[in-house]
Amino acid sequence: MQILYELEKVDVTGVRLFAPASIANISCGFDVLGLCLENIGDIMEIRRSNTAGIQITSIKGQDLPLEAEKNVAGVAGLALLAEYNPQLGFEIYIEKNIKPGSGIGSSAASAAGAVAGINYLLGSPFSTKELIPFAMEGERLACGSAHADNVAPALLGGFTLVRDTNPLDICALPTPLELVATVIHPKIEVKTADARAVLKTRVSLEKAISQWANVGALVSSLYEEDYELLSKSLVDGIVEPARSILIPYFNELKDACKKAGALGSGISGSGPSVFALSRGMTTANHVAQAMQAVLEKTEIPFDIHVSPVKQSGVSFLEDIT
Ligand code: HSE
């Protein structure tokens with residue numbers, strides 16, 4: 001815990017916040033790399049309550065469980081309270097704009113928003129990094145695996161790298177400012193647990209060498225703002241080949257991104273969303289048109305988003321008095 005406490009926001013009943021979507025893996029960095037998105041996310045309101053524990057008051061936009069123990073925001077909030085003070089109580093309202101199972105960190109956004117909001121109202125007894133393990137409990141509920149590659153960027157913003165989960169060690173990485181993400185979400189559901197189940201548990205040394213070379217190069221490219229190196233390192237020889245069969249028109253989407261000038265593309269998190277990274281908004285919009293053209297020829301409905309990388313994580317919009 002931080003030694004210096006901010007004052008608890010006793011004059012404030014609650015807070016309204018934006019909980020951002022995120023792209024995990026970023027091609028070569030399965031379970032370790034992630035980035036935060038600026039234009040896509042949930043709106044949440046966290047309020048103090050006289051009843052101990054977490055109450056999810058309502059969820060707009062999606063049919064998700066309201067019982068705290070079955071809800072990712074509830075579980076993450078309860079994990080924080082178990083550590084800080086189980087006698088305290090909070091209510092959570094969620095406007096769910098990120099569809100669960102879309103591959104852009106829906107569960108991570110709700111979990112991150114819950115712990116960030118509660119921490120804010122408590123006067124920030126935990127640092128942002130210290131909130132990550134609580135939010136990871138939401139991920140454990142959502143897919144059985146407490147991965148941190150969505151919750152870390154959702155809380156910290158920018159690019160993040162999970163060096164280890166036990167004990168947790170997260171590195172915040174720099175964000176080249178011209179980088180813009182395009183994400184297409186084909187409206188079919190791919191459950192993270194299913195997308196993890198198709199993965200092989202053994203990897204050849206040859207593939208491992210290529211993968212860790214690309215992760216290292218990608219990290220270097222962020223520090224150096226080297227878009228060419230970033231482009232070369234957006235390669236995944238391990239997870240993408242296994243998972244791409246779950247995503248209709250995946251190869252066509254990748255080809256379209258390349259032709260439209262993207263630096264690279266791949267599966268967003270566990271899919272089915274496909275992301276591309278481009279240098280500049282103009283190219284990112286061209287990439288969006290190219291991806292859209294692929295799925296417009298099919299029966300598959302889709303959403304498409306173009307978003308810069310968000311430099312900070314959960315944003316507090318206004319205090320509720
Ligand atoms: N790294 C996780 C996976 C992210 O790919 O399974 C899930 O969103």
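**Cores**

I looked up the largest nonpolar core in this predicted model and found 71 residues in it. A nonpolar core here is a set of buried Ala, Val, Leu, Ile, Met, Phe, Trp, Tyr and Cys residues joined through side-chain atoms within 4.5 Å. Buried means under 20% relative accessible area, exposed means over 50%, and partly exposed lies in between, with a 1.4 Å probe and protein chains only. The residues with the most contacts inside this core are Ile-26, Met-44, Ile-46, Leu-80, Ile-92 and Leu-155. Its largest share, ten residues, comes from helix H2 (residues 106–121). Helices (H or I, at least four residues) and strands (E, at least two) are DSSP runs, numbered from the N terminus. The core also draws at least three residues from each of domain 1 and domain 2.

I noted the general point that in soluble globular proteins, nonpolar side chains tend to be buried together.

I then listed what Ile-26 touches, leaving out residues up to four places away in sequence; among them are Leu-33, Phe-159, Leu-218 and Phe-275. Contact means heavy atoms within 4.5 Å. A second, separate core has 15 residues, including Ile-247, Phe-250, Ala-256 and Ala-290.

**Ground rules**

I number residues from 1 along each chain as its sequence is written, and side-chain values use heavy atoms, with hydrogens and water left out. As the model is predicted, local features need pLDDT of at least 70 and side-chain atom pairs count only at pLDDT 80 or more, while totals for chains, interfaces and linings use all residues.

**Domains**

I read the division of the chain as domain 1 (5–173 + 310–320) and domain 2 (179–308); such bounds come from an automatic or database domain assignment. Their C-alpha centres lie 24 Å apart. Across the boundary, 31 residues of domain 1 are in contact with 38 residues of domain 2.

**Sheet**

I traced an open sheet of four strands in the order E8-E9-E7-E10, with antiparallel pairing. Two strands pair if DSSP finds at least two bridges between them. Strands E8 (264–267) and E10 (302–308) stand at the edges with a single partner strand each, so one side of each is left without a neighbour in the sheet. The twist averages 20° from one strand to the next. Axes are lines fitted to C-alpha atoms, for helices over the stretch in contact, and angles run from 0 to 180 degrees between N-to-C directions.

Strand E7 (residues 179–186) pairs with E10 over seven bridges. Pro-186 has Phe-302 as its bridge partner in E10. I also checked helix H10 (residues 281–296), which lies across E7, E9 and E10 and runs at about 170° to E10.

**Helix pair**

The axes of helix H1 (residues 72–84) and H2 come within 8 Å and cross at roughly 35°. Residues making the contact include Leu-80 of H1 and Ala-114 of H2.

**Single residues**

I found a cis peptide bond joining Asn-166 and Pro-167, with omega about -5°. The bond from Gly-271 to Pro-272 is cis, with omega near 5°.

Ser-124 has phi near 60°, a positive value in a residue other than glycine, and counts as buried at 15% relative accessibility. Tyr-249 has phi near 60° and is partly exposed, at 37% relative accessible area.
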